[in-house]
Each structure stands twice: as C-alpha cells, then as structure tokens.
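Dear colleague,

Please find below the structure that I am handing over to you. My notes on it follow directly after.

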Amino acid sequence: MKYSAEEIAEVINMLTHEDLDIRSVTLSINTLFAVSDVPERTLEKLSLLRPVLSRFSEVVNSVQDKLGVNIVTRRVAVSPVQYFLEPYPDVKYAVKLGGFLDSLATDTGIDYIGGFSAYADRGIGRGTQVMLEGLAETMNSTSRLSGMLNAASTQEGLNVDAVKLFTAQLLKMSPHASSRVAIMANSPQDSPFVPSAHHGRGMPNSSINIAVSGPGVVAGAIRRARPTTFQELYEVIKKASFKVTRLGELVGRMVSEELGVPMGSVDLSLAPSPKVGDSVAEIIEAMGISRVGGHGSLTALAILMDAVKKGGSMATNLVGGLSSAFIPVSEDSIMAMRMREGYLELNDLLAMSAVCNSGIDMVGVPRDEGPEKITALILDVLSLGLMLNKIVGVRVIPVEGKPGEEMDLGGLLGKVVVAKMKDVDSSQFTSRNGFIPTPVKRLELG
C-alpha cells in the first residue's frame with residue numbers, strides 16, 4: 001500500500017501535535033508450566049521468566065527509539081492465577097504469589113502484569129475462591145499487579161454469589177488498588193488492557209498484543225474535515241482509525257520479529273488519557289454534541305465505535321481484545337469534567353455501555369453506600385453483557401467522599417469523580433443467592 005506525501009505529513013502531525021501513541025505493547029505468555037502443589041516450586045519456575053521479561057522491555061524500548069513513537073506502557077499478561085491455586089488452595093499462598101508477580105514486573109521494567117484473575121460464570125472453584133478471599137490484601141500490597149473476575153457470560157449465566165464476594169473485597173481496597181481490578185462479563189481471551197489482561201485459554205504459548213490510542217487524532221480529523229453528512233463523518237473516522245491502527249500493527253510486528261514471539265492481535269479501542277487533547281468525550285463533542293451526556297451522545301458513540309472498527313479492521317491481520325471505544329471517566333479529562341458538571345450520571349454510562357465495551361469504568365462511588373448498592377450496580381452492567389452477548393466490565397473506586405468530589409490518582413489514572421448513586425434500597429433483591437441462568441440469547445450461539 002502506497003502513501004501520498006500529504007498522508008505521510010498527516011501522520012507526522014498526528015505524532016507531534018495530536019498525541020498519537022501506542023497505549024501498550026503486551027507480552028501474553030503461558031505460565032501454566034509452573035503450576036505445582038508445592039508453592040516454592042511454582043515460584044522457582046516463575047522466576048525463569050525474569051530474563052524473558054527483561055528482554056521484552058529492551059525490545060520495546062528499542063522499537064520506540066527506532067520509530068520515534070511513544071509507547072506508553074509495557075505490559076505482561078500471565079495465565080489466570082486460579083489455575084495455580086487449585087492444587088494448593090491457600091489464601092496466604094495467593095497473596096504471596098501476587099506479590100511475586102508484582103516484583104517480577106518491578107525488577108524487569110514492566111509497568112503492569114495482569115493475570116491475578118479467575119472465571120466464575122457458573123460457580124466458584126477452589127482456586128477462584130482463594131483468589132477472591134485474598135484479592136484485597138494482594139492488591140493493597142502491590143503496585144503493578146492487575147486482576148479480573150469474569151463473573152458472567154452469555155454461555156454460562158451470571159454468578160451473583162461471585163459478585164457479592166468481589167464487592168466485599170473491593171470495599172477493603174485502597175483507591176489505587178481498586179483501580180487495578182475489574183469484574184467482567186464475556187471477558188476476551190487476548191485483551192491487552194489493564195485490568196482485564198491475562199493469557200487466555202486456547203491461546204499460543206506467547207504472543208504480542210497491541211493496544212492503540214489516538215482520540216486526539218480522530219477529533220482533529222473531524223474538525224478539519226467538517227463533514228456535513230453522516231456518511232462523510234463515518235469516512236473521516238474510518239480513515240483516521242486506519243492510520244492509527246496501522247501504526248499499532250507496525251509496532252507489534254517489529255516487536256514480534258525482534259523478540260521472536262508471534263504477533264497476536266491489535267485491540268482497536270480508542271483509549272483516552274487525562275492529557276488535554278486525548279479524550280473520547282472530545283470526539284463526541286467534535287461530532288456536534290456540545291456536552292457529552294446530552295441527547296444524541298449515545299448515537300454519536302455508536303457511530304464512533306462502528307467506524308473505528310470498520311477502519312481499524314482493514315489495517316491489521318487480527319483484531320482482538322475489546323476493540324471498542326473506551327469511556328473510563330477518570331482517564332478522560334473531558335468525561336470527568338462533564339460528570340462533575342452533572343451532564344453525565346451512572347445511568348448515562350450504563351446506557352453508553354450498550355454500544356461500547358467499557359461498562360462503568362474508573363468512576364468513584366461513596367464507600368459508605370455499602371455492599372448491597374454497589375453489588376446492584378455491578379449486576380446492572382453485567383446483565384447488559386449477558387443479554388446482549390457483549391464484553392462489559394465494572395471498575396469502580398470506593399472512596400471516602402460525597403458526589404461531585406474528586407480524588408487525584410495521578411498518571412494515566414487521572415482524577416476520579418465520585419458519582420451519585422440512586423437513593424433506593426436494593427438489598428432485598430441482592431440478598432438472594434445463586435446465579436442468574438443463561439438467557440435465550442444463549443440458544444442462538446449453539
């Protein structure tokens with residue numbers, strides 16, 4: 001494929017003025033070779049990863065220097081810890097294992113290591129039970145470890161018991177710790193995004209997965225083109241997304257070749273950051289909604305998500321991960337501003353989840369609202385994923401604060417805004433145990 005001089009100049013402008021970067025390069029690696037019923041033996045085997053991770057960091061840094069492209073984070077995804085805890089189901093071991101993975105990341109220049117994760121769609125196995133019981137202590141004592149509980153799937157149903165256990169642990173975590181865990185429905189097996197990243201079932205022994213960024217690129221393209229029809233708007237977003245994704249494909253292939261690890265997938269999600277000019281909300285407002293959250297926002301987000309997928313899928317051999325528009329409130333400066341101003345509420349974010357995969361992401365909730373109300377909020381999001389066969393997740397940050405207040409978590413995490421929750425008692429509903437059966441949608445997948 002040939003590029004014109006104008007297109008090359010446009011890409012240079014994206015890199016220098018519109019915050020185009022690669023959100024993450026993730027080495028996904030099968031670590032099940034280390035599973036043992038002797039904890040010391042498992043940790044000894046996992047220590048063999050140290051030179052591999054160090055080499056990965058070096059290669060990513062080298063590719064960044066060669067291309068002159070900023071790669072924001074280097075990440076590793078390992079096999080879910082639930083498998084490690086099955087032969088030795090002990091909470092102290094779970095905490096020790098999480099701490100060991102965290103130290104591996106710290107020592108080798110890895111920004112995040114994902115995989116303190118488990119699946120509990122239908123029931124809670126031994127390994128998952130121990131992982132959940134040690135989740136708060138593990139996250140509170142680490143800084144680079146991330147984890148996920150998949151508590152629902154269209155294939156298996158929604159495990160309410162697992163949601164309750166997760167919520168109880170969430171309320172014991174510090175704000176920084178809770179920013180590194182999520183509860184999900186229909187979690188993908190090849191996600192490069194924290195906190196859902198893990199080495200999934202059925203994947204090769206190792207692969208390189210890419211997460212692209214570039215909301216500022218799309219917003220800038222819309223402003224320059226000033227499209228007058230929806231078809232023109234689609235084309236502008238598709239073309240910009242193609243260029244952003246093509247850069248991700250190039251970076252991934254270079255890392256893959258130098259490291260000798262197969263290229264995996266490119267996640268087409270537009271991931272914002274707290275930087276000015278790097279906002280998904282800004283794209284929606286550039287499309288003609290004066291304040292995101294206003295009527296029309298859902299349609300604008302649906303157009304954005306579909307056009308990004310259509311444009312991006314032409315630029316890569318394998319699309320993976322979540323591949324959608326992300327709306328993590330604290331990580332998007334304009335999204336956070338609109339929530340403080342009252343244009344965005346929790347139900348708005350829930351509605352937006354019908355057309356994107358974020359769910360309710362990086363939103364503060366008052367800690368004193370209690371487990372029942374937070375459980376009910378999580379169930380609302382996961383039920384959406386269950387019924388629509390969508391990937392969705394919840395990453396809420398329990399804080400001491402009142403609605404409208406904010407807490408600065410720093411870096412890419414931004415400022416968490418405390419959302420107002422409905423003054424409605426749902427405890428009688430959430431007091432029931434068990435799981436919600438699979439929907440009729442399941443019959444369409446068989």
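**Overall fold**

Among contacts in the chain (heavy atoms within 4.5 Å) between residues at least 6 apart in sequence, 80% join residues at least 24 apart. Please note that this is a predicted model, in which local features need pLDDT of at least 70 and side-chain atom pairs count only at pLDDT 80 or more, while totals for chains, interfaces and linings use all residues. Residues are numbered from 1 along each chain as its sequence is written, and side-chain values use heavy atoms, with hydrogens and water left out.

The secondary structure of the chain comprises 18 helices and 14 strands; these are DSSP runs numbered from the N terminus, with helices being H or I of at least four residues and strands E of at least two. The chain is as compact as a globular protein of its length, because its radius of gyration is 21 Å, close to the 22 Å that the globule rule gives for 446 residues. That radius is taken over C-alpha atoms, and the rule is 2.2 Å times the number of residues to the power 0.38. Along its principal axes, the C-alpha trace spans about 60 × 55 × 45 Å.

Of the 446 residues, 59% count as buried (under 20% relative accessible area; exposed is over 50% and partly exposed lies in between, with a 1.4 Å probe and protein chains only). The chain exposes about 17,500 Å², of which carbon and sulfur atoms supply 54%; the areas come from the Shrake-Rupley method with a 1.4 Å probe, and for residues only the protein chains shown count as cover.

**Strands 8 and 9**

Strand 8 (residues 206-212) pairs with strand 9 in the parallel sense over three bridges, where pairing requires that DSSP finds at least two bridges between the strands. M263 in strand 9 is the bridge partner of I208. Strand 9 (residues 263-267) is mostly covered, with five of its five residues buried.

**Backbone geometry**

Most residues other than glycine have a negative phi, and most peptide bonds are trans.

- The peptide bond from V194 to P195 is cis, with omega near 10 degrees. P195 is placed in the loop between strand 7 (181-185) and strand 8.
- R226, although not a glycine, has a positive phi of about 50 degrees. R226 lies in the loop between helix 10 (215-225) and helix 11 (230-259), and counts as exposed because its relative accessibility is 69%.
- M362, likewise not a glycine, has a positive phi of about 55 degrees. M362 is in strand 10 (residues 360-366), and its relative accessibility is 0%, so M362 counts as buried.

With kind regards
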